[in-house]
Amino acid sequence: MAAQTLIDKQHPSPGQAYVESIRLIDEEVLKQQTSENDDLFLWLRFQARRGVADAQQNLGRMLFWGQQGVSPNLQAAVKYYKAGARKEENPVSMYDYAIVLLKGHGVEQDIPKALKFLNKAAKQDFVPAINALGWYYERFEQDYERAVQFWERADEMGNPEAPFNLGVMYSLGLYPGKRADQFMAYKYYLKSARRAHTDGAIRLADVWIRGIPGLVPRLPLDAVLWTKWASEQNGYLGALLRKSLEAYLRQDWSSALIHYLMASESGFAVAQFNLGYLCEQHAGSLLSPAFRSECVWRYYNLSTYSQDPAPYALIKMGDLLYAGHEQRKRDVKAAAEMYKLAALRDEAQGWYSLGLLVQEGVELPRALLTELGLEEPLRADNHSVLIELFRRCRDHENAESYLPCSLALLNAQLQLVLRHHSAALKFTSAIGMAIVSIVTVLTTLGRLRGLTSHNGLRV
């Protein structure tokens with residue numbers, strides 16, 4: 001599947017679509033979805049015809065890759081690429097047009113013109129163009145020295161494809177002045193994969209399956225994960241995801257369920273998340289309570305095994321594990337692990353949920369506290385842990401978490417005062433804490449009012 005993905009990427013077709021990892025909780029991204037008859041698309045087309053470079057660039061990519069709900073149309077995409085490139089100002093448009101000219105996608109191949117636009121874009125330090133010049137010199141001129149110069153420059157600038165190309169040169173013994181070196185190739189493949197390059201991920205997985213004696217151990221599990229990720233970039237899977245999302249947007253829940261189910265059973269993590277969310281939020285009239293419950297559990301759970309699980313799914317699984325299930329026992333330890341993973345992914349709810357566990361008397365494992373960065377002084381007892389968890393929740397940059405986390409922290413501090421002080425001091429402290437609480441609420445409301453005003457919203 002991963003190898004076929006590379007082949008399919010080299011042969012764009014109407015049956016493929018760009019793989020968009022859109023979760024159904026991403027409201028802003030959902031609002032950006034469009035079609036050829038939608039207001040957003042028509043507005044972009046109007047702007048593009050007026051010569052607005054950003055509109056030409058966006059329309060070209062939407063039509064070339066089939067993004068944001070637009071059907072692929074290579075010939076129409078090339079027209080917008082060409083219009084944007086003619087001005088010779090926007091490096092992105094010049095690069096996009098140069099690539100279709102270089103490969104003959106949707107237009108007759110014209111290498112000299114492609115080279116002209118690539119050089120102009122590269123002079124503006126547009127990194128993909130610098131990498132593409134290396135590809136040109138390697139593929140069309142067999143000038144490996146110049147190719148490597150461009151790729152090394154692009155690699156230094158963070159391009160994901162350049163280290164893959166350098167790895168291939170080392171692997172084949174084509175790197176100027178160097179012998180074939182599989183370990184150097186491996187290091188470049190690793191760098192490329194970490195920058196989310198499909199080819200690099202597949203080569204990396206191939207090395208980890210076999211290993212390099214004395215240098216790189218066999219890592220079959222990691223190889224499987226990278227191969228799975230590469231397979232998920234397949235354009236035909238992208239088309240299936242597009243059908244799923246379109247059904248969801250028109251509120252055709254049964255069609256959305258069927259299409260997301262097909263994508264989920266192929267192992268695609270975002271589809272698994274969306275299917276769990278769909279069963280949770282919109283499938284009440286379609287599924288029996290037992291099947292719906294099992295669907296929510298199964299697919300949220302499967303999505304948490306991906307390389308980059310959604311914090312929402314981690315929190316949801318933590319809640320399900322804590323509450324238990326008809327056929328599954330309550331598992332507080334596993335719930336804490338899920339909340340920990342969410343907290344480590346910068347999710348305020350993860351800190352808050354861990355605090356609630358501690359508040360209910362759960363003693364979190366020392367190893368878990370260490371992973372969260374709670375050193376010895378902060379975990380002297382459960383109450384110290386509780387205060388620190390709520391403090392980290394309060395200090396999170398998410399404005400929505402500030403008020404509930406602040407109140408939870410104040411409550412925890414009040415409980416500490418009541419535990420350690422005399423009756424008179426308890427009374428005085430309680431009054432003081434009440435005043436602080438009121439001030440905190442008023443401050444928070446003012447802070448939220450400022451944030452909403454800044455965003456142009458009414459309070």
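User: Which residues line the largest cavity in this predicted model?

Analyst: The lining of the largest cavity consists of Tyr18, Glu20, Ile22, Gly238, Leu241, Arg242, Leu245, Tyr260, Val270 and Asn274. Two elements, α14 (235-249) and α16 (269-281), each give two or more residues to this lining. The greatest contribution is that of α14, with four residues.

User: How much space lies in the largest cavity, and how does its lining divide by class?

Analyst: The largest cavity holds about 90 Å³ of space. Its lining has six nonpolar residues, together with two polar and two charged ones. The structure holds one cavity of 30 Å³ or more.

User: Which residues line the second largest pocket, and which element gives the largest share of that lining?

Analyst: Ile25, Tyr312, Ile315, Lys316, Asp319, Glu347 and Gln349 line the second largest pocket. Helix α18 supplies the largest share, four residues. The space in this pocket is about 260 Å³, and its lining is made up of three nonpolar, one polar and three charged residues.

User: What is the geometry of the pair formed by phenylalanine 273 and tyrosine 312, and where in the chain do the two residues lie?

Analyst: The centres of these two rings are 5.7 Å apart and their planes meet at 75°, so the pair of phenylalanine 273 and tyrosine 312 is edge-to-face. It links distant parts of the chain: phenylalanine 273 belongs to helix α16 and tyrosine 312 to helix α18 (residues 311-323), 39 residues apart. Phenylalanine 273 is buried, with a relative accessible area of 1%, while tyrosine 312 is partly exposed at 29%. Tyr312 also belongs to the lining of the second largest pocket.

User: Which charged residue lies over the face of phenylalanine 273, and which ring has the charged end of arginine 330 over it?

Analyst: Arginine 23 lies over the face of phenylalanine 273, 5.7 Å from the ring centre. The charged end of arginine 330 sits over the ring of tyrosine 322, at 4.0 Å from its centre.

User: How is a salt bridge to be understood, and what does the case of aspartate 125 and arginine 153 show?

Analyst: Side chains of opposite charge can pair when their charged atoms come close. The count in this structure comes to 16 salt bridges. Aspartate 125 and arginine 153 meet in one of them, with an N to O distance of 2.6 Å. This pair links distant parts of the chain, 28 residues apart: aspartate 125 lies in the loop between α7 (111-123) and α8 (127-139), and arginine 153 in helix α9 (residues 144-156). Aspartate 125 is partly exposed at 44% relative accessible area, and arginine 153 is partly exposed at 32%.

Technical notes. Residues are numbered from 1 along each chain as its sequence is written. This is a predicted model: local features need pLDDT of at least 70, side-chain atom pairs count only at pLDDT 80 or more; totals for chains, interfaces and linings use all residues. Side-chain values use heavy atoms; hydrogens and water are left out. On a 1 Å grid over the protein atoms alone, a cavity is a set of points where a 1.4 Å probe fits but cannot get out, and a pocket is an open set with protein on both sides within 12 Å along at least five of seven lines; lining residues have an atom within 4 Å of a point. Grid points are joined across faces, edges and corners, and a volume is the space filled by probe spheres set on the points. Ala, Val, Leu, Ile, Met, Phe, Trp, Tyr, Cys and Pro count as nonpolar, Asp, Glu, Lys and Arg as charged, and the others, Gly among them, as polar. Rings of Phe, Tyr and Trp (its six-membered ring) pair if their centres lie within 6.5 Å; planes under 30 degrees apart count as stacked, over 60 as edge-to-face and the rest as tilted. Buried means under 20% relative accessible area, exposed over 50%, partly exposed in between (1.4 Å probe, protein chains only). A charge sits over a ring if NZ of Lys or CZ of Arg is within 6 Å of the ring centre and within 35 degrees of the ring normal. A salt bridge is a side-chain nitrogen of Lys or Arg within 4 Å of a carboxyl oxygen of Asp or Glu.
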